[in-house]
Every structure is written in structure tokens, then in C-alpha cells.
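Please consider the model shown here together with its sequence. The paragraphs below it go through selected features in turn.

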2 protein chains.
Amino acid sequence: MVSNFALGSGLALDRASRIPLYQQISDQLRRQIAQGFLSDGHFLPPERALATMLGVNRSTVVNAYGELAAQGLVEPRVGRGTQVRRPSEASELEANLRALPWPELLLPYAESVSSRVLRDIVALCSRPDIISLAAGIPNPDFYPHPDFSTLFQEILTEQGGHALEHCPPEGHHPLREVLAARISASVPGHVKVVPPEETLVLSGSQQGIYLVAGALLGPADLVITENPTFLGALSVFRAFGARIVGVPVDEQGMRVDLLEEIMERRRPRLIYTVPTFQNPSGVTLSLTRRKQLLALARAYRVPVLEDDPYSDMYFRPEAVPPPSLKALDMAEGGNQVIYLSSFSKMLFPGMRVGWMAASPAVIERALAAKQLIDIHTTSLYQWAMARYIQRGLLDKHNAAMRVQYRIQRDAMAAALTHYCGDTLEQNQPNGGFYLWCRIKSGESGLALLERAARYNVAFVPGGGLSVPGMSECEPYIRLNFACARPEVLEEGIKRLGAVLKVKKPRPARPPTALTHSGQDLKPLV
Amino acid sequence: MVSNFALGSGLALDRASRIPLYQQISDQLRRQIAQGFLSDGHFLPPERALATMLGVNRSTVVNAYGELAAQGLVEPRVGRGTQVRRPSEASELEANLRALPWPELLLPYAESVSSRVLRDIVALCSRPDIISLAAGIPNPDFYPHPDFSTLFQEILTEQGGHALEHCPPEGHHPLREVLAARISASVPGHVKVVPPEETLVLSGSQQGIYLVAGALLGPADLVITENPTFLGALSVFRAFGARIVGVPVDEQGMRVDLLEEIMERRRPRLIYTVPTFQNPSGVTLSLTRRKQLLALARAYRVPVLEDDPYSDMYFRPEAVPPPSLKALDMAEGGNQVIYLSSFSKMLFPGMRVGWMAASPAVIERALAAKQLIDIHTTSLYQWAMARYIQRGLLDKHNAAMRVQYRIQRDAMAAALTHYCGDTLEQNQPNGGFYLWCRIKSGESGLALLERAARYNVAFVPGGGLSVPGMSECEPYIRLNFACARPEVLEEGIKRLGAVLKVKKPRPARPPTALTHSGQDLKPLV
């Protein structure tokens, strides 16, 4: 048994490397096979001999050869050693060699079960026969696209290519000015004026959550959220490896009375809250609790991330929500609230423009990261938004949508009473987009959704909006009343009522067996 | 001396916490002061007594009291102990309490010296009297904004709000189809057709670099790049904590002959390359080296990130660059190249639409992260780009720009010969945007830039485009000939020539003393 292995032909081990020695050996041998230095029928050196030569344990070489054998590159021959495989198999081998093992190369990633389930829901909602009450979108009948078509044309005619140049990463200055003015106007007593420099234009407020998480959260750091809460925030916090503690909500919003003990004992790095017309529960944090929350955050020196896309969507003049946490904090001279909002709920989902208002140190950090991510937000949209706001069109549009959404909410609420009065318990939101309903039978929202798919209606199950490890919201569902005309909402609720009337069957298939068919996925939330 | 400190009023230590014990103590005392439990004039317990009570070293309590004293909340009284401060100072104290110490809360961030210097350059370039040859932008005189104005209006009229809805996170399907067709057409022998599912629409190709780095690079992982290289890539790799090894370039592109040893010894996780009309050196990797690079990457199982924004910008028909690494890899059945390109260099910088073509596993991972970052890329721009390409307008525009850029390059090259023939050595690129010039005197590009600012001309110094720790490119400058009309370029080079003719003075002020004035910053690269 003669080894025709070319000694010294490049087999070198790096003992400082984090790559295991056996893998360094197999990698190098694989390359030699690929490059033809070790051709068909050749024998590798005996394991013990190579181990001695390289100064490693014999088991290291055994492992290396084993890996090559598993990849079909070599074959153990009883009593003869380890042989490079025959030429007839070469092309297959070459194909294997060319295919990078991507799953091994990609870093671990925290994809949750719920995100996979939600992908299925998204696929489900793209079926044309489905009435989807799932997506967190406004009613397409009222998108102000004629206004924006006019604005785009006006700006491009007037500015020429100037509106298509790079804009500053922190945002188009006139837009930052109007955003700063809006925040300033909301501060009680107008004691604090926010300069444009304390704002940052974002490619949607989702980006703000990502940037803040990246700036504050290391692995295993703790974040406090409401439970249930916005899926997009849960996903970001999980992706950064944070642990999440959910605080229950009641009619007054987050149970701030439960917060102090959590803060005392668990030292969170961030409080994330949707205080106004909360997604999905629809509740609004009361003024008293807002002040308590700020006092606690101050006492424990914990930043507050306030996500506020819905506060303009109140239904009655007397239901104007309390000032934002940001406004209250500023009125008291604080700098601890990072405020996020977005135009995508007010106007249309494709308006990927949101903004942040925060302390200069936070703006600076978020800006540095944003530049790496997308350089800046679409300039033409920023030009258009600045003018749309300056001309009072946003306020006018919001006023009209408040009336419309109240009509839609009333229609859905009435349909729920009519079709699901025995089976669902609904909340009474004063604004926002969502009815949050408890399934009286205790069935999980996810199980109900599976059944509902056959009745051509979809929604978001509470479990998908839950802090990991908390099951309280599983028998809930989120219904968006903002997304469609009353008659569509009514038909959707009628179908839902029909599903709920059917005796709950034994679970027939696992949740992931929804109609996921690989078609294009639409964002949900 | 009596301590009126309320024992047991909430002072509890969490020994499992990563927060130091002294800080836990000071945090809790601070809260008690803020909430009035410890009011003005009260004495804290003696250090030794509190230490015994809490079971900690006396020094822990000393540190805690010291921190409170530094914050002005307590004052040591000689012989009497540590006293909470007087009411007259309360308002100032309260303000201190309200201000979160953001710099302590934000995670460490790798901002390099060069990125600060580049901020200064950006500020400099925003001066109206400056001729900037720094930014990596096309000539605004040729932005096709009338075409896009028409397309936006056409799409919004025809599609109504549909074009303003969410689009799938992976991209508008018709755009993915044309992108996939473009890549497929580039594969030698057309042996491989890329399905649209192996593409991902990005908010600019910068986003692709970010997503790939996030998927592959852990702290201290190694990335190979050309040296010099694209600043936006260097910044991303640094932000992820990666180490960067730069490979020099010559007229044939990256010195692939130097690559094998680096790969053998240092086990990189990623090779990042701009193989065609490289930024900033202008060189193009030869076909032979492309094949060698792919063979090495395959042998060592290292993914290749190919950044390809310039390959359509060749100046002569005979200078059509070789097929992309992606196309060559696909022709051989490989899956190891992640391809990025962008429309922002072809059309206008505000067109924040780029794309990736890669193995499905990579697309899936990048997509999952992209959804957290911006949900999806601006839908209307995607609709418009799909039609712009389908109608042949992109190819027509690129053909026109090839002619125009050749004129501009020739103008700049001639001006350089005329005004800087003795002082600069220029390269001879066959495409792309940049002339890369060596300063014959050996002066650093950064020092020259400081002097040039007074002559109202700007460029990017080589040091800003260098792999950290490599100084070879410091006596180089990058000049963009794509960004302006010939007469502007000539005037810029004339000013540059005047600077270079002046005897190099002693450095008068540090590089960061450029005219950074806090005004809005524009992206540079």
C-alpha cells in the first residue's frame, strides 16, 4: 500500500484559527482533489502517518477523511486505505465542489415560529378570493394619489433633476422643519421648541425601530413592550438577540403599576411602547400613566421608544389623545424619549417615509447607521411630503379619514355584534385601525385562522403579536377596520361569523400547513 | 450624627446583573432622591454601615456615593457624612435627573477617523463656490427626469393607488423579471437562466453590502477587498467589527496572485470586489484573473460579493468589460457569487433602487433582514424602473452616457496633462467615473485637499478610500469626471494645478479643522 500523496504540497495548519484542525485538513485535501493534484484512484496517506506528519491526533485525520467520504470525494477501501473516487463520478463531484454550502456559511438567525406562520398568512392574504382584515393598511379608496401625482410633476418640472439628487442622509431640510414644527406644537405650554436638527427622516418608522435597537441592545439585553404589541418591533428585538418582557394592557393602556417591579428587578435597556391607539389592542395610555411611565423611566434611566403612527386617527373631537410621551417629556425638560412616526398609515403604505425626534446623541448615532443601510430616504418623496404638509393637505386628509374610519369602525363593530355577538368579545377603540377581539370559546386565533382560510377571510391571530413565552393573547384576533369599505368589512365579518358558528374541529394539520405556495409575499403589518 | 436614611426602602442588589453593584446602589439612591424619599439635608448612612448592611465592600459604597456627589445630588460634609443637597439647588438637580446620559447608554460604535474627515469633505463640498470632483454622482445635466416625471404620472393615472401600496419585500415582480433577464443574458453561452426568485430589489446597492455583511460577518471575521476600495463598503465592514485585508490592484485589477496566500493563511469569510471600472482605481479585472479568483474562492469555499455599478459605462466598443464574476460563476454551475448593482450611477443619485442576484439561501436571509430595515423599497420607483428598462430606455440612456462620459473623461485627462502634468500621474480608465492620480511629490491627498479647499476645488483623498492600516494610497486622489460638464471639469483641474504648483507648506492645522460647520451633510460616495 503506497501513498502517492504529495507531501508538502500545501498542507499547512493554522493552529490560531477558529477553524477546527480536521476541517483545515479536509478543506485543503478537497482543494487538491478539485485542482487535480490528487486524482482518481490515488490513495491518501494512512491516517496515523499523516497525523504524525502534521503533529495532530489520529482522530483529527480520521474526522477529516470522514468528512471527505461523506462528501463523496474519497472512499475507504478495506485493508488498502482511503482512495480518491473514480473519474466517472468527477462531474458530480465538481458540481458539489462548486456549490457553496450556504446554510453553513450564513450566521445563525433568529427566525421565530410566529414569523413563519405570518408568512403563511401573508401568502393566504394574496389569494384574490380572500377578504383580508390582516394587513395594517389604510383604505385604498382614499389614497391621495392624485395629489401626489400632481406634486411629483410639479416638483420635477420646477426643480428639474435637483429633486432627484442625493439629499442629506438626515433628511430634506424643509421636511425636517415641518416635522420639528409639528412636534414643537404638541408640547404642552409650548415650553420647548424642537430644532430640525433633533429630527431624522427615516425610510418608514420600522427603520427607526431597527436603528434604535441597533444603538442600544446587545445580546440578551432586556426590552419592555406592551403585550400584545407590534410584530415589526418584536421581530427587530429578537433579531438583535434581546430578551423581551411584555407588560399587559388594560383600558388605560400599559399596566404601568406592574412596570416598576420589572424595572427594579430586571434592569431593562429600553421601553418600547405604542401609547396611542395601540397596535393591536386599540387602547390609549392615560395621561396619568404617561406621567408615571416617564417618571419611572427617568428614575431608572431607561430610554423610551415611543412609536406613534396612529395618534391623528381619533374618531371624535373629545377623543383627542393626550400629548405624546415625547411632548410631555420635553415639557419637563427631559431628553429620554425617542419618538417615531410615519406617513404610511395616514396616506398609503408605499409612502416609505417616517421620522424620528430624539436627543442629538441619538440622532447622530442613528444617522451614522442609516447611512450604511440606505444612504438616505427617497428624496422625491421627501420633497413631496414637505409640500403636502406645508399646504395643509395632510391635516385636511387626516380630518377626512377620521370621519371615514369612524364610519368603517362602526360598520365593523355592528357586524361583529350581529354575526359574532355570541362568539367574540370586541374592544371599543376611540381611534387607530384595529378591533381586538377575544374568542369566547378560548380557541386560539391561529387555529381559527386555519379554519377561516376555508371561508375566505383572514386576520392576524393574537399569538403572532405576542411577546415570546406569553400565551395570554392566543385566543385573540386583530381585525383591521381601516383597510376597506363598510360593505367589504361586513362581508368579511359575516364569513368570520360563519366560521365561528361551526363546531371547532380537532386540529387536522399543523399551523404551517396553511396555503403557503411560494408566491410573492406582501408585508403584513 | 444620625442617619435618617430609610432602611429597607427598596435598596436591593442584583448580584447576577451585569450592572456593577456600586451603580445599582447609586441608581437606587438617585431614584429615592428624585422621588423625595430622601429629601434635602438628610444624611445617607455611613459608608461602612451601608456596606455591612448590603454585604458589599466599603469601596463599593464609596464609589456609589462618589457618583452621586459627581452628579451634584449629595455632598460630603467633613466629619458629618454624606448629605443630600439643599432645596435651592433642586431645580438644577431635577434637570440633571431628567437628562439621560446618552453617551453612556449608546453601544460602542466604530466611527473611523477617515469617516470624520470625509464628513468634513462633504461639508466642504456643499459650499457653493467649490467645484467638487468628490461625489460619486453622474452629470446632473443628463438626469432623465422628464422620462421619470412622465412615467410616474402614467403609472399613477393607470394604476391609481395600486402603485402606492406595499410591494413585496423582495421587490416588484415585473422589475425582478427584467433584472433576472439582464443577468441571464450576460451568462456566457447562456447556459444558465436566473429565475426572478434569485434576485432581490434593494434600496440602493449600499443596502446589499449591509445585508450581506450582516449575514456573514461576525466580530473579527476577515474580509478581503481591493485596496483602495469603495468607502461605503469599508464603513459597513468596520461597523460589523470585521477585520479587512486589502489586496493591491494593478492594471489588470486585483492582484489575484497575492490572494491565495492570504486565503490559505487567514481564512477570510468574504471577498468583496468591484471588478469592473473599480472605484476608485478605474481598473478592470482581466478575464484570466476573474477565473482565477473564482477558482480560489471555490477551493476555499469563500463567498464573493461582486459590486458592479459601473460595468455599463465603458467608453469604446472594444472596451466592453469581461462577463461579471456572477455570470462566469453561473456558466460553470457555481453559486458562490453575490452580485450587486444599482441604478443610481446610471440615472441619478436619488434613484435609491439597487438589486442583488444570489443563491436562494442568501436571498432568503437578506430578505428577512431587509424586512426589518425598511419593509420594502419605494414601490413607485420600482414600477417606473421596470417600465424604463422594458421600453429600452435604460439601454438608450446608457449608450448616450457612454459617449458623454468619454468626452468628459477626455476633457479632464487633457486638463490634467496641461495643468498637472508635472505634479500628478493619472491612470487611463476605459470606463467608470474616476481618474485616480498619484501625487508625484508624495504629499498625502488629505494634506493636498486641505490646501485645495482654499482654491475652491475638492476631491477624495486616497487615504479615505484605504483599508485601515494600509498607507500606500495616501499620496493619491480620486477625481470624478462623470459629474460635470467639460468646462467645469477643466476649471476644477486648473484650480488643482494651481494648488499643486504652490510649494507644499508645513501642515498648519489638523485634518479635522476643515470647514465643517454643522450644516446639512450630503452623501459622498
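The model is a predicted one. In chain B, an open sheet is built from 8 strands, arranged in the order β4-β11-β10-β9-β8-β5-β6-β7, and its pairing is mixed. At the edges stand β4 (199-202) and β7 (253-254) of chain B, each of which pairs on one side only. In general, the strands of a sheet are joined through backbone hydrogen bonds, in either a parallel or an antiparallel manner.

Helix α8 (residues 173-186) of chain B lies across β4, β10 (337-342) and β11 (354-357) of chain B, and its direction makes an angle of about 120° with β4(B). Helix α14 (residues 360-374) of chain B also lies across β4, β10 and β11 of chain B, but runs at about 25° to β4(B).

A helix-helix contact comes next. Which angle do the axes of helix α17 (residues 445-453) of chain B and helix α18 (residues 486-501) of chain B make where they cross? The axes come within 10 Å of each other and cross at roughly 110°. Because angles of 65 to 115 degrees count as roughly perpendicular, α17(B) is described as roughly perpendicular to α18(B). The crossing of the two helices, α17(B) and α18(B), is right-handed. On the α17(B) side, the contact is made by Leu448(B), Arg451(B) and Ala452(B), while α18(B) contributes Leu496(B), Val499(B) and Leu500(B). By class, the residues of this contact of α17(B) with α18(B) comprise 5 nonpolar, no polar and 1 charged.

In helix α10 (residues 231-239) of chain B, the buried residues include Leu231(B), Gly232(B), Ala233(B), Leu234(B), Val236(B) and Phe237(B). Just after α10(B), Gly241(B) adopts a positive phi of about 80°.

In chain A, Leu367(A) belongs to helix α14 (residues 360-374). Is Leu367(A) buried or exposed? Leu367(A) counts as buried because its relative accessibility is 8%, and the limit for burial is under 20%. Leu367(A) and Gly171(A) are 196 residues apart in sequence, yet their C-alpha atoms lie 9.8 Å apart in space.

Terms used
Residues numbered from 1 in each chain as written. Chains lettered and ligands numbered in written order. Predicted model: local features only at pLDDT ≥ 70, side-chain atom pairs only at ≥ 80, totals over all residues. Heavy atoms only, no water. Axes fitted to C-alpha atoms, helices over the stretch in contact; angles between N-to-C directions. Helix = DSSP H or I, 4+ residues; strand = E, 2+ residues; numbered from the N terminus. Parallel < 35°, antiparallel > 145°, perpendicular 65-115°, else oblique. Left-handed = near helix turned anticlockwise from the far one by under 90°. Contact = heavy atoms within 4.5 Å. Nonpolar A, V, L, I, M, F, W, Y, C, P; charged D, E, K, R; others polar. Pairing = 2+ DSSP bridges. Buried < 20%, exposed > 50% of the residue type's maximum accessible area, 1.4 Å probe, protein only.
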